[in-house]
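Here is a short report for a reader who is new to this structure. Please look at the model first, then read on.

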Amino acid sequence: FFFSSRRRHTRSSLVSWARRCVQETAIEVCKESKQTDCALLLAVKSGNVDQQLRILLEASNYNTALATIDEISDFDTKIGCLRRFGPQILKNLPEKGYTIIETLGGELITKKTKDPKNAARYSQQFKWLKEIFVDETALNRRFLDFQVEKDPNCEKEVFHSLIEWHLQDYYKAHEIFEKRQEELKEKLTTDPVLENKKTTLLLSLIHI
């Protein structure tokens, strides 16, 4: 009985593998012959989400690709798809992509609060979401601000990153201020028309 059951299991696995190979080959043939709709239909029927997303993104159909990810019910699968395809989607649909990722991040923070035993797992998944913003500095900063607001007890690295960004903003603003100040001083000394308006310009310096 044991060997018979094992043979049936092996036979079933081989059939599944062969079917999957045939489906993937058929999808590739359709893609090569520019039959995108046919390739997408085969990918949908086979339940191959990765193939669906690749086909959609190759056709620059970013809205449908994002909607496909959003409709995935399994949490881990959705995060996995966002890790693989999120950066490309964010470059083309930054706001819509960010909204979905932020929603997932909020769900992870809630799970972490309600299930402290698995907090490490949820924290790791949250880090995976942050990695999606590796080439999107503004969105990354926005996501960290969101994390701090929703989870004040998050990792120290998050606060360090935000402090570093705020310091960069300060130094940039200070450089602009000093440059503007020098420009106005130069005008005072070189432009005779402004000679009688020194007081006004000095006051404007104070309020820049």
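Arg141 is buried, at 19% relative accessible area. Buried means under 20% relative accessible area, exposed means over 50%, and partly exposed lies in between (1.4 Å probe, protein chains only). The side chains of Arg141 and Asp169 meet in a salt bridge, 2.6 Å from N to O. Arg141 sits in helix α8 and Asp169 in helix α9 (residues 156–190), so this pair ties together parts 28 residues apart in sequence. Asp169 counts as partly exposed, at 35% relative accessibility.

This is a predicted model, in which local features need pLDDT of at least 70, side-chain atom pairs count only at pLDDT 80 or more, and totals for chains, interfaces and linings use all residues. Residues are numbered from 1 along each chain as its sequence is written, and side-chain values use heavy atoms, with hydrogens and water left out.

**The chain as a whole**

The protein chain has 10 helices and 0 strands. Its elements run α-α-α-α-α-α-α-α-α-α from the N terminus on. Helices (H or I, at least four residues) and strands (E, at least two) are DSSP runs, numbered from the N terminus. Of the 208 residues, 30% count as buried. Among contacts with a separation of 6 or more, 50% join residues 24 or more positions apart. Contact means heavy atoms within 4.5 Å.

**Salt bridges**

Side chains of opposite charge can pair when their charged atoms come close. A salt bridge here is a side-chain nitrogen of Lys or Arg within 4 Å of a carboxyl oxygen of Asp or Glu. How many salt bridges does this rule give? The count comes to 7. Three of them, including the pair described above, are set out here.

| Pair | N to O distance |
|---|---|
| Arg141 and Asp169 | 2.6 Å |
| Arg142 and Glu95 | 2.9 Å |
| Arg84 and Asp50 | 3.0 Å |

Take Arg142 and Glu95, whose closest N and O atoms are 2.9 Å apart. Arg142 lies in helix α8 (residues 137–150) and Glu95 in helix α6 (residues 94–114), so the pair links parts 47 residues apart in sequence. Arg142 is partly exposed, with a relative accessible area of 34%. Glu95 is also partly exposed, at 45%.

Next come Arg84 and Asp50, whose side chains meet at 3.0 Å, N to O. Arg84 belongs to helix α5 and Asp50 to helix α3 (residues 49–58), so parts 34 residues apart in sequence are tied together. Arg84 counts as partly exposed, at 45% relative accessibility.

**Helix packing**

Two packed helices are described by the angle between their axes and the distance between the axes. Axes are lines fitted to C-alpha atoms, for helices over the stretch in contact, and angles run from 0 to 180 degrees between N-to-C directions.

The axes of α5 (residues 75–92) and α7 (residues 119–131) come within 9 Å and cross at roughly 30 degrees. That makes α5 roughly parallel to α7. Angles under 35 degrees count as roughly parallel, over 145 as roughly antiparallel, 65 to 115 as roughly perpendicular and the rest as oblique. On the α5 side, the contact is made by Phe75, Asp76, Ile79, Leu82 and Arg83. On the α7 side, Arg121, Gln125, Trp128, Leu129 and Glu131 take part. By class, this contact has 5 nonpolar, 1 polar and 4 charged residues. Ala, Val, Leu, Ile, Met, Phe, Trp, Tyr, Cys and Pro count as nonpolar, Asp, Glu, Lys and Arg as charged, and the others, Gly among them, as polar.

Helix α7 also packs with α8, at an angle of about 155 degrees and with the axes 10 Å apart. That makes α7 roughly antiparallel to α8. Phe126, Leu129 and Lys130 of α7 meet Asn140, Phe143, Leu144 and Gln147 of α8. These residues divide into 4 nonpolar, 2 polar and 1 charged.

**Around α3**

Leu56 is placed in helix α3. Leu56 counts as buried, at 5% relative accessibility. Leaving aside neighbours within four places in sequence, Leu56 is in contact with Leu40, Asn61, Thr64, Ala65 and Thr68.

Ser60 lies in the loop between α3 and α4 (62–70). Most residues other than glycine have a negative phi. Ser60 is not a glycine, yet has a positive phi of about 60 degrees. At 46% relative accessibility, Ser60 counts as partly exposed.
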